[in-house]
Amino acid sequence: MESSHDNPPALCVLASGSSGNCSVLRSAGGELVLIDAGISPKRASVALAALGHTLEDVSAVVLTHLDSDHFYSSWATVAPKKLRFGASVWVHASHSRERRLDPLHEAGCLKTFEREAFEPARGVAFTSRLASHDAEGVATFRISTPQGELGFLTDLGEVTDRLVDFHCGVGVLAIESNYCPRLQARSARPDFLKRRIMGGAGHLSNEQCLRATEAIGPGSHAVFLHLSRECNSPEIVGGLHEGADYARTIATAEEPTRWVSITGARPAPVPVTRPAPMSLFGPLSGPLSGPRA
Ligand SMILES: [Zn+2]
């Protein structure tokens with residue numbers, strides 16, 4: 001049996017983008033926690049199988065908010081049947097009255113959190129702070145394990161000083177880098193949508209993400225989430241963080257990332273994969289991935 005030293009907790013983003021968001025956090029003991037469930041249970045099952053896991057390894061699902069790209073509705077009926085016996089779905093108390101959650105209420109597996117720490121799997125403690133996102137807000141998480149800490153922030157209109165303080169000094173930071181403002185402005189999207197995204201209660205631009213990442217200062221690794229397909233690219237995001245002293249992983253809508261170990265230590269430098277195609281702005285050399293966990 002592996003010791004926790006051999007098998008540190010780790011994060012894999014199965015999918016991230018407006019078509020669906022789902023990440024998996026593996027504890028040192030091998031339990032899985034899904035952070036958001038915005039892809040179908042079937043797709044999650046296939047992605048987990050490629051990692052050597054099944055839905056029965058999932059002890060809990062923790063939701064940042066209930067937009068359909070973060071909570072695919074059929075999980076409400078599938079979770080009580082297919083996940084590990086006794087698994088819970090956790091939502092912020094302010095989101096818990098949503099009708100789509102009724103089957104979870106009825107099955108007795110819906111749990112709520114506010115500001116106090118909760119432990120959806122052994123050795124994995126989540127603490128949450130709400131951030132602005134549309135009318136209902138979004139939960140951000142500081143996740144503590146004995147081996148290291150993970151900050152998780154997606155779908156938020158701005159990163160306030162209070163949020164920076166709350167997440168400061170985590171080993172790994174997973175944070176959205178949603179759009180390039182120039183591509184957003186040039187896009188054919190309707191003005192109301194541009195205002196919603198850029199108006200302080202929508203999504204983070206690449207520059208807002210860069211400033212927040214620098215202020216929070218992840219000890220080892222930054223994982224960039226929820227890139228807009230229309231108004232962003234991995235090359236642009238990678239280029240902005242070039243030269244940073246944290247390893248980088250850029251999540252995509254289609255392919256799971258590698259496992260990123262949740263540790264506080266800075267990894268030794270390793271060669272990184274560089275994207276081959278040219279971007280609109282020339283051959284940016286943003287590293288796509290850090291060390292394999
Ligand atoms: Zn979203």
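A charge is taken to sit over a ring if NZ of Lys or CZ of Arg is within 6 Å of the ring centre and within 35 degrees of the ring normal. Arg 26 lies over the face of Trp 259 in this sense, at 4.3 Å from the ring centre. The model is predicted, and local features need pLDDT of at least 70, side-chain atom pairs count only at pLDDT 80 or more, and totals for chains, interfaces and linings use all residues. Residues are numbered from 1 along each chain as its sequence is written, and side-chain values use heavy atoms, with hydrogens and water left out.

Helices (H or I, at least four residues) and strands (E, at least two) are DSSP runs, numbered from the N terminus, and two strands pair if DSSP finds at least two bridges between them. Seven strands make up the open sheet, in the order β6-β5-β4-β3-β2-β1-β14, with mixed pairing. At its edges stand β6 and β14 (260-261), each with a single partner strand, so one side of each is left without a neighbour in the sheet.

Strand β1 (residues 10-15) pairs with strand β2 (residues 22-26) in the antiparallel sense, over five bridges. Arg 26 in β2 is the bridge partner of Ala 10. Strands β2 and β3 also run antiparallel, joined by four bridges, and Leu 25 has Val 33 in β3 as its bridge partner. These two strands, β2 and β3, form a hairpin with five residues between them, and Gly 30 in the turn has a positive phi of about 90 degrees.

From β3 onward the description turns to parallel pairing. Four bridges join β3 to β4 in the parallel sense, with Leu 32 opposite Val 58 in β4. Between β3 and β4 the chain passes through α1, in a right-handed β-α-β crossover; right-handed means that, with the strands pointing away from the viewer, the path from the first strand over the helix to the second runs clockwise. Strand β3 (residues 32-35) is covered on both faces: Leu 32 and Leu 34 on one side, and Val 33 and Ile 35 on the other, are all buried. Buried means under 20% relative accessible area, exposed over 50%, and partly exposed in between (1.4 Å probe, protein chains only). Arg 43 belongs to helix α1 (residues 41-50) and, at 33% relative accessibility, counts as partly exposed. Its C-alpha is 9.8 Å from that of Ala 15, and Arg 43 and Ala 15 are 28 residues apart in sequence.

Strand β5 (residues 88-92) and strand β6 (residues 110-113) are likewise parallel, paired over four bridges. Here Val 89 stands opposite Leu 110 in β6.

Next come the aromatic side chains. Rings of Phe, Tyr and Trp (its six-membered ring) pair if their centres lie within 6.5 Å; planes under 30 degrees apart count as stacked, over 60 as edge-to-face and the rest as tilted. The structure holds five aromatic pairs. In one of them, Phe 118 and Phe 126 are tilted, at 5.4 Å centre to centre and 35 degrees between the planes. Phe 126 and Phe 141 have ring centres 5.2 Å apart and planes at 70 degrees, so this pair is edge-to-face. Phe 126 lies in strand β8 (residues 124-131) and Phe 141 in strand β9 (residues 138-144), so the pair ties together parts that are 15 residues apart in sequence. Phe 126 is buried at 0% relative accessibility, and Phe 141 is buried with a relative accessible area of 0%. Trp 90, Phe 113, Phe 118, Phe 126 and Phe 141 form one aromatic cluster.

The remaining site holds a zinc ion. Donors are N, O and S atoms within 2.8 Å of the metal (3.2 Å for Na, K and Ca); water is not among the atoms, so sites may look incomplete. The protein donors of the zinc ion are Asp 69 (OD), His 70 (NE2), Asp 155 (OD) and His 226 (NE2), at 2.1 to 2.3 Å from it. Four donors count as tetrahedral if all angles lie between 85 and 135 degrees; four count as square planar and six as octahedral if opposite donors are over 155 degrees apart and all others between 65 and 115; anything else is irregular. Around the zinc ion the four donor atoms subtend angles of 89 to 163 degrees, which makes the arrangement irregular.

The spacing of the donor residues in sequence is D-H-x84-D-x70-H. His 70 lies in the loop between β4 (58-62) and α2 (75-82) and His 226 in the loop between β12 (221-225) and α8 (234-240), so the pair ties together parts that are 156 residues apart in sequence. Asp 155 is in the loop between β10 (149-153) and α4 (161-167); Asp 155 is not a glycine, yet has a positive phi of about 55 degrees. His 226, also a residue other than glycine, has a positive phi near 60 degrees. Asp 155 counts as buried at 1% relative accessibility, and His 226 at 2%.
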